[in-house]
Amino acid sequence: MSRCPVCDALLTVIGSRVRTRRTPEGIRHRLIIRRLRCLPCRRIHHELPDCLVPFKRYDAEALESFATQGPTAAVAADTSTLVRWQAWLAVWMPYVQRCWAALAARDSAAEMDGAPPFPAALHGRAPWTQAPPGWLRVIVHRLVNAALWPQTRSALVT
């Protein structure tokens with residue numbers, strides 16, 4: 001059973017919705033996302049698989065590939081999409097670094113739920129060619145479940 005990332009109460013399933021994700025090759029996959037409700041705080045959450053990034057059409061693999069390889073990444077996306085991703089990363093990554101530092105300070109005794117320290121290879125500007133594989137999934141999972149995702153507080157990554 002899932003727990004609310006805001007108040008830690010049990011969530012109940014209230015339905016589902018369709019979500020489309022695009023792979024780096026541009027292939028579209030249709031996913032069914034469970035909708036969950038928290039009765040105490042009355043919020044609705046969506047249970048996202050770790051291959052998704054909230055509010056992004058392309059999956060985590062495509063975004064990570066672009067962030068680590070830059071414009072030379074093999075991602076089937078328009079140039080305007082790549083420009084938007086670059087702008088998003090430039091704003092989003094400093095926010096992530098501040099959140100990660102705050103979570104590390106808050107949870108130093110709890111070892112941040114087993115999460116690794118923030119990768120040193122992700123400091124500075126993209127592309128982060130030395131970044132470890134899977135870094136985006138780890139960051140998204142930690143921020144979303146800590147209710148720190150900048151665009152919403154209603155996602156839950158499993």
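These are my notebook entries on a predicted model of one protein chain.

**Ground rules**

I number residues from 1 along each chain as its sequence is written. Because the model is predicted, I need pLDDT of at least 70 for local features and count side-chain atom pairs only at pLDDT 80 or more, while totals for chains, interfaces and linings use all residues, and side-chain values use heavy atoms, with hydrogens and water left out.

**Entry 1: the overall layout**

I looked up helices and strands, which are DSSP runs numbered from the N terminus (helices are H or I, at least four residues; strands are E, at least two). I found three helices and four strands in the protein chain. Along the sequence their pattern is β-β-β-α-α-α-β.

Next I looked up burial: buried means under 20% relative accessible area, exposed means over 50%, and partly exposed lies in between (1.4 Å probe, protein chains only). The protein chain has 158 residues, and 42% of them count as buried.

I then looked up contacts, which are heavy atoms within 4.5 Å. Taking contacts between residues at least 6 apart in sequence, I noted that 55% join residues at least 24 apart.

**Entry 2: strands 2 and 3**

Two strands pair if DSSP finds at least two bridges between them. Strand 2 (residues 28-38) and strand 3 run antiparallel and are joined by four bridges. In this pairing, Leu36 stands opposite His45 in strand 3. The two strands form a hairpin with five residues between them.

I checked how covered strand 3 (residues 44-48) is, and four of its five residues are buried.

**Entry 3: positive phi values**

Most residues other than glycine have a negative phi.

- Arg42, in the loop between strand 2 and strand 3, has a phi near 60 degrees. Its relative accessible area is 68%, so I wrote it down as exposed.
- Asp8 lies in the segment before strand 1 (11-22) and has a positive phi of about 70 degrees. Its relative accessibility is 48%, so it counts as partly exposed.
- Ala147 follows helix 3 and has a positive phi near 60 degrees.
- Gly70 follows helix 1, with a positive phi near 75 degrees.

**Entry 4: helix 1**

I found helix 1 mostly covered, with eight of its 10 residues buried. The buried residues are Ala60, Ala62, Leu63, Glu64, Ser65, Phe66, Ala67 and Thr68. I asked what covers the buried residues of helix 1. The cover includes helix 2 and helix 3.

**Entry 5: helix 2 against helix 3**

Two packed helices are described by the angle between their axes and the distance between the axes. Axes here are lines fitted to C-alpha atoms, for helices over the stretch in contact, and angles run from 0 to 180 degrees between N-to-C directions. The axes of helix 2 and helix 3 come within 11 Å and cross at roughly 60 degrees. The crossing is left-handed, a term for the near helix being turned anticlockwise from the far one by less than a right angle.

Helix 2 makes the contact with Trp92, Met93, Tyr95, Val96, Cys99, Trp100, Leu103 and Arg106, and helix 3 with Trp135, Leu136, Val138, Ile139, Val140, Arg142 and Leu143. I also looked up which residues of helix 3 are buried: Trp135, Leu136, Ile139, Val140, Arg142, Leu143 and Val144.

**Entry 6: aromatic rings**

Rings of Phe, Tyr and Trp (its six-membered ring) pair if their centres lie within 6.5 Å; planes under 30 degrees apart count as stacked, over 60 as edge-to-face and the rest as tilted. How many aromatic pairs does this rule give? The count is five.

Phe66 and Trp85 form an edge-to-face pair, 5.6 Å centre to centre with 65 degrees between the planes. Phe66 lies in helix 1 (residues 60-69) and Trp85 in helix 2 (residues 79-106), so the pair ties together parts 19 residues apart in sequence. Both Phe66 and Trp85 are buried.

Trp92 and Trp149 form a tilted pair, 5.6 Å centre to centre with 55 degrees between the planes. Trp92 lies in helix 2 and Trp149 in the loop between helix 3 (135-145) and strand 4 (155-157), so this pair ties together parts 57 residues apart in sequence. Both Trp92 and Trp149 are buried.

Ring pairs also link Tyr58, Phe66 and Trp85 into a cluster.

**Entry 7: a charge over a ring**

A charge sits over a ring if NZ of Lys or CZ of Arg is within 6 Å of the ring centre and within 35 degrees of the ring normal. I noted that the charged end of Lys56 sits over the ring of Trp88, 4.3 Å from its centre.
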